Number of protein chains: 2
Amino acid sequence: MHLFYTPDIDPSYKQYILSEEESKHAIRVLRLETDSKVQLIDGRGGLYEALIADAHPKRTILNITSVVTGFDKRNHYLHIAVAPTKNIERLEWFLEKATEIGIDEISLLITQRSERKEARVDRLNKIITAAIKQSLKAYHPVLNEPLTLNQLLDKPFDGQKFIAHCEPGEKHELKDVLHLQNRSLILIGPEGDFSPAEIDRALQNGFKAITLGTSRLRTETAALEACFEVNFLNRV
Amino acid sequence: MHLFYTPDIDPSYKQYILSEEESKHAIRVLRLETDSKVQLIDGRGGLYEALIADAHPKRTILNITSVVTGFDKRNHYLHIAVAPTKNIERLEWFLEKATEIGIDEISLLITQRSERKEARVDRLNKIITAAIKQSLKAYHPVLNEPLTLNQLLDKPFDGQKFIAHCEPGEKHELKDVLHLQNRSLILIGPEGDFSPAEIDRALQNGFKAITLGTSRLRTETAALEACFEVNFLNRV
């Protein structure tokens, strides 16, 4: 059954009209017809089933037949702030895999040693959207515009805060310190790591230093390792 | 300090001559000179330090100054047999990330619903080699030529055997059944999953069915999730 991402729908809708682009895709490409069943996700937990009422190639009309709210709602909130990689494909892989495994929010972190200071968030969001459709998730992770470490540290975060780094110093393992079914924010630095000053500033802002194992991991691998660990520890 | 992968060296060597290709890279590209320090890994646990004795661009001579054997030796043995993906980049991504996280052996599994029946193992091995150099690992994971599920089931494996699948049926979580600091083999099927007959055959051959969480994962993501779980559970 084909799945459409339609963020403008909500559970009050009895009918929905696909956009011109989605209508064309439904009727010309997928060759769906009147009475074909489709699914819709709204990115906020809603999973809808619908039947095609009018197979118009520019404005396909759907009758909503059922809606589930809070579909597969996650039992914890995970925000990863990661320094975007010089090679954008590596960041794209991370976004796709983190979305499959489970994540709520991603920030792109500009640090002292960041190799990349900007990123096309609209393009990166498409990767996430494709991943939620492919892995049947009704929640669309939020991807924030790039911000500096200082800007991130200035924003309040209600939950635990962690920074993963490779400098010497006391570090905890998530399995020992993570509060389960709770909210966490994890900072992942660039290939050259956070600077000692950046680490200090984070620690002074209530961040705990964590280790992600003994292997030397690339930025995007470290970010995914953090994502794995939080999801794994939160498995009921 | 630059690192070379030189599988033909062993701890008895006092001197080593780089290949023509590596020599050219060392002297013409990296601009190393007499007395420059370099590191070598032999793929079997040996990490060597050396000094350039003769900076010849076609046959660079190194004096070995120290050798560590069993460098960062893993405390468990992990073999993942995964159906190669239609899009070969996804498989390449898995090989790189699994090598960073930790893996000993990978087999490419041809199953009933495999989208890809062959793969260039020599090219894929280069991905693994680059990953061990980048993440400073002295052990080179072994990548086997493609083989069918039946051929794999015919080979004895000394250790625990698991199959991850999405069909209904009793499944265990690795955290409940994995013997730590031991040997394990995990089968990961293609996008279309293993067939019921294949699952039966594996179960009859002593494989335990496992789940890798509730998310719908792509083949390469499932393979990496398995890799992550085994490494995480084996963390001392």
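## Ring pairs, a helix crossing and one lysine

Ring pairs link Phe228(A), Phe232(A), Phe228(B) and Phe232(B) into a cluster. This is a predicted model: local features need pLDDT of at least 70, side-chain atom pairs count only at pLDDT 80 or more, and totals for chains, interfaces and linings use all residues. Residues are numbered from 1 along each chain as its sequence is written, chains are lettered from A and ligands numbered from 1 in the order written, and side-chain values use heavy atoms, without hydrogens and water.

Trainee: How many aromatic pairs does a search of the whole structure find?

Mentor: Rings of Phe, Tyr and Trp (its six-membered ring) pair if their centres lie within 6.5 Å. Planes under 30 degrees apart count as stacked, over 60 as edge-to-face and the rest as tilted. Over all chains, the count is 7.

Trainee: How is the pair of Tyr13(A) and Tyr16(A) classed?

Mentor: The centres are 6.1 Å apart. The planes are 40 degrees apart, and the class is tilted.

Trainee: At roughly what angle do the axes of α2 of chain A and α7 of chain B cross?

Mentor: Axes are lines fitted to C-alpha atoms, for helices over the stretch in contact; angles run from 0 to 180 degrees between N-to-C directions. The two axes come within 11 Å. They cross at roughly 75 degrees.

Trainee: Which residues of α7(B) does α2(A) meet?

Mentor: Contact means heavy atoms within 4.5 Å. On the α2(A) side are Trp93(A), Glu96(A), Lys97(A), Glu100(A) and Ile101(A). They meet Glu220(B), Thr221(B) and Glu225(B).

Trainee: Which residue has its backbone oxygen 3.5 Å from a polar atom of the Lys117(A) side chain?

Mentor: Lys117(A) lies in the loop between β7 (105-110) and α3 (121-134) of chain A. At 49% relative accessibility, Lys117(A) is partly exposed. Beyond four places in sequence, Lys117(A) is in contact with Ile110(A), Thr111(A), Gln112(A) and Pro146(A). The backbone oxygen belongs to Thr111(A).

Technical notes:
Helix = DSSP H or I, 4+ residues; strand = E, 2+ residues; numbered from the N terminus. Buried < 20%, exposed > 50% of the residue type's maximum accessible area, 1.4 Å probe, protein only. Polar contact = N/O pair within 3.5 Å; in protein donor to acceptor, adjacent residues only side chain to side chain.
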